[in-house]
Amino acid sequence: MMIIAASLAMAAATAADVDVSKLPPAAKKAGVTFDKDIKAIFEKSCVKCHGPEKQKGKLRLDSLAAVLKGGENAPNVVPMNSAKSTLVHAVARLVDDEAMPPEGKGDPLTKDQVGLIRAWIDQGAK
């Protein structure tokens with residue numbers, strides 16, 4: 001229980017340092033799920049460095065359970081609150097040294113993709 005509280009406090013402190021007003025809005029789509037909507041985005045842009053073969057920052061994004069488990073800076077996803085989710089901050093490129101994918105390692109996610117990830121998290125990260 002103490003570990004969970006410490007992790008949430010760390011995530012909140014990190015989120016407080018980010019200007020979330022720069023986030024694209026969450027998509028209006030209802031019923032967003034990992035398997036149906038999010039997995040393909042992660043497979044295209046993230047799994048090369050955060051998948052079964054390699055886990056930079058001890059983070060895997062190839063399954064719902066792995067995403068929810070988080071990595072070194074867990075929790076990376078705060079269900080029902082995408083604005084506090086460090087995963088969203090990274091893919092929206094709000095913090096230069098934490099921007100994902102890093103410069104030269106792939107194309108940044110589009111605002112629509114980030115919005116869909118936000119909607120998924122805001123709807124409970126199912």
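Predicted model: local features only at pLDDT ≥ 70, side-chain atom pairs only at ≥ 80, totals over all residues.

Colleague: How many helices and strands does the protein have?

Modeller: There are 5 helices and 0 strands.

Colleague: And what share of the residues is buried?

Modeller: Of the 126 residues in the protein, 40% are buried.

Colleague: Let's talk rings. How many aromatic pairs are there?

Modeller: The whole structure has 2 aromatic pairs. In one of them, the ring centres of Phe 34 and Phe 42 are 6.1 Å apart and the planes sit at 50°, so that pair counts as tilted. Phe 34 and Phe 42 are both buried.

Colleague: What does Phe 34 do with Trp 120?

Modeller: Those two form an aromatic pair as well, and it is tilted, with 5.8 Å from centre to centre and 45° between the planes. This pair links distant parts of the chain, since Phe 34 is in helix α2 and Trp 120 is in helix α5 (residues 111–122), 86 residues apart.

Colleague: Trp 120, buried or exposed?

Modeller: Trp 120 counts as buried because its relative accessibility is 0%. Phe 34 has a relative accessible area of 1%, so Phe 34 is buried too. Put together, the ring pairs link Phe 34, Phe 42 and Trp 120 into a cluster.

Colleague: Nice. Switching to charges: how many salt bridges does the structure hold?

Modeller: It holds 4 salt bridges. Side chains of opposite charge can pair when their charged atoms come close. One of the bridges joins Asp 37 and Lys 29, with the closest N and O atoms 2.5 Å apart.

Colleague: Which other residue forms a salt bridge with Asp 37?

Modeller: Lys 36 does, and there the closest N and O atoms are 3.7 Å apart.

Colleague: How accessible are Asp 37, Lys 29 and Lys 36?

Modeller: Asp 37 is buried, at 9% relative accessibility. Lys 29 is partly exposed at 39%, and Lys 36 is exposed, with a relative accessible area of 53%.

Colleague: What about Arg 93 and Glu 103?

Modeller: Their side chains meet in a salt bridge, 2.8 Å from N to O. Arg 93 and Glu 103 both lie in the loop between α4 (86–91) and α5, so the pair ties together parts that are 10 residues apart in sequence. Arg 93 is partly exposed, with a relative accessible area of 22%, while Glu 103 is exposed at 70% relative accessibility.

Colleague: Which residues do the salt bridges with shared partners join into one network?

Modeller: Lys 29, Lys 36 and Asp 37.

Colleague: OK, cysteines next. How many disulfides turn up in a search of the whole structure?

Modeller: The search finds 0.

Colleague: Is Cys 46 buried or exposed?

Modeller: Buried, because its relative accessibility is 7%.

Colleague: Last one: where does Ala 66 lie?

Modeller: Ala 66 is in helix α3 (residues 64–69). It is buried, with a relative accessible area of 15%.

Colleague: How far is Ala 66 from His 50?

Modeller: Their C-alpha atoms are separated by 9.8 Å, and the two residues are 16 residues apart along the chain.

How values were computed:
Residues numbered from 1 in each chain as written. Heavy atoms only, no water. Disulfide = S-S within 2.5 Å. Buried < 20%, exposed > 50% of the residue type's maximum accessible area, 1.4 Å probe, protein only. Helix = DSSP H or I, 4+ residues; strand = E, 2+ residues; numbered from the N terminus. Phe/Tyr/Trp six-rings, centres within 6.5 Å; stacked < 30°, edge-to-face > 60°.
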